[in-house]
Amino acid sequence: MTAIVRAIRSPAGRAPLFMILGMLLVPLMDGTAKILVADYPVAQVVWGRYAFNLLTLLPLFLLLRQRLRFSRTRFSLQLSRALFLLGDTALFFAALFFIPLANGKAVFFASPLIMTALAPLMLGERVGRHRWAAVLIGFTGTLFILKPEASGLSIGYALALGSAFLYALYLLMTRKLSSSAPPLMSLLYTALFGTLIMSLFLPFHWVMPDGRGWALLVATGALGTISHFCIIKALEIGSASQLAPFSYAEIISATLFGLVVFGNFPDMATWTGISIVVASGLYILHRENRRQRPEQETSTST
């Protein structure tokens with residue numbers, strides 16, 4: 001127990017906690033979008049996700065007493081990062097129009113594998129066999145839970161796969177920018193670029209929302225703000241390959257969302273998959289702390 005508490009208090013332990021919290025909230029945003037795209041154009045739903053993301057960011061700046069400081073430093077990387085997330089959001093929301101949320105998530109969970117594979121190329125991070133094993137085992141756990149259909153490939157599945165690839169690039173770019181911009185500023189760049197770009201499409205894709213529609217649009221923006229702040233904070237203090245398995249925490253809230261909204265009670269295979277995913281994440285945390293302990297001892301002795 002003492003070892004677990006010590007691990008959680010360390011930077012290597014706090015990073016997964018932020019990642020898990022962020023990932024638990026993402027399916028709530030996606031589920032809300034799934035409800036919206038049934039009645040409103042995808043472009044309008046994407047606009048609402050970013051516009052209200054931008055509005056809900058401002059109270060966070062005041063609450064945390066941070067100043068708005070735009071900088072030209074690494075501006076191209078900030079723009080690229082924002083475009084990756086915008087593309088991911090648009091493709092996944094569009095996919096939800098064609099396929100169920102669970103099936104979309106099944107395809108989307110390829111993103112940690114893509115992120116782990118690209119981390120050595122984009123960030124120069126070393127990915128050992130233990131992390132690879134944990135990511136692959138975690139992905140196996142998602143198959144137990146979501147049970148994606150092997151047949152019926154369609155444009156929806158292609159859109160979800162494209163979304164997974166862009167999201168992996170977004171996470172890697174976030175990690176690359178973590179040392180040059182505070183988390184809130186990185187989030188502000190993303191929300192601002194997304195709102196400006198999607199506003200160009202809004203006159204051609206607009207259906208006047210009713211009260212319920214406005215409430216759901218606001219919810220997508222607020223959930224986007226909180227979830228991605230946690231994800232950015234996690235990648236600020238942890239490595240991308242270390243955090244990859246914790247992306248599967250989305251499964252937990254996706255399962256609960258399905259139970260509450262659609263009345264789908266999880267079966268034994270679902271709980272087996274959740275156990276596999278959680279175990280793979282804890283194993284990665286254990287390996288990361290073992291790896292860092294000799295480095296800390298060496299720095300202390302010198």
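## Leucine 243 and its surroundings

Setting aside neighbours within four places in sequence, leucine 243 is in contact with Ala15, Pro16, Met19, Ala234, Leu235 and Gly238, where contact means heavy atoms within 4.5 Å. The model is predicted: local features need pLDDT of at least 70, side-chain atom pairs count only at pLDDT 80 or more, and totals for chains, interfaces and linings use all residues. Residues are numbered from 1 along each chain as its sequence is written, and side-chain values use heavy atoms, with hydrogens and water left out.

Leucine 243 belongs to helix α11 (residues 240-243). Helices are DSSP runs (H or I, at least four residues), as are strands (E, at least two), numbered from the N terminus. With a relative accessible area of 0%, leucine 243 is buried; the term means under 20% relative accessible area, with exposed over 50% and partly exposed in between (1.4 Å probe, protein chains only). Leucine 243 and proline 16 are 227 residues apart in sequence, yet their C-alpha atoms are 6.2 Å apart in space.

## Helices α8 and α10

Two packed helices are described by the angle between their axes and the distance between the axes. The axes of α8 (residues 155-177) and α10 (residues 211-237) come within 8 Å and cross at roughly 55°. Axes are lines fitted to C-alpha atoms, for helices over the stretch in contact, and angles run from 0 to 180 degrees between N-to-C directions. The two helices are therefore oblique to each other; angles under 35 degrees count as roughly parallel, over 145 as roughly antiparallel, 65 to 115 as roughly perpendicular and the rest as oblique. The table lists the residues that make the contact.

| Helix | Residues in the contact |
|---|---|
| α8 | Tyr167, Tyr170, Leu171, Thr174, Arg175 |
| α10 | His228, Ile231, Ile232, Leu235, Glu236, Ile237 |

## Helix α5 and the whole chain

Helix α5 (residues 101-108) is mostly covered, with seven of its eight residues buried. Among them are Leu101, Asn103 and Phe108.

The protein chain has 13 helices and zero strands. Of its 302 residues, 52% count as buried. Among contacts in the chain with a separation of 6 or more, 91% come from residues 24 or more positions apart. The chain exposes about 14200 Å², and carbon and sulfur atoms supply 69% of that area. Accessible areas come from the Shrake-Rupley method with a 1.4 Å probe; for residues, only the protein chains shown count as cover.
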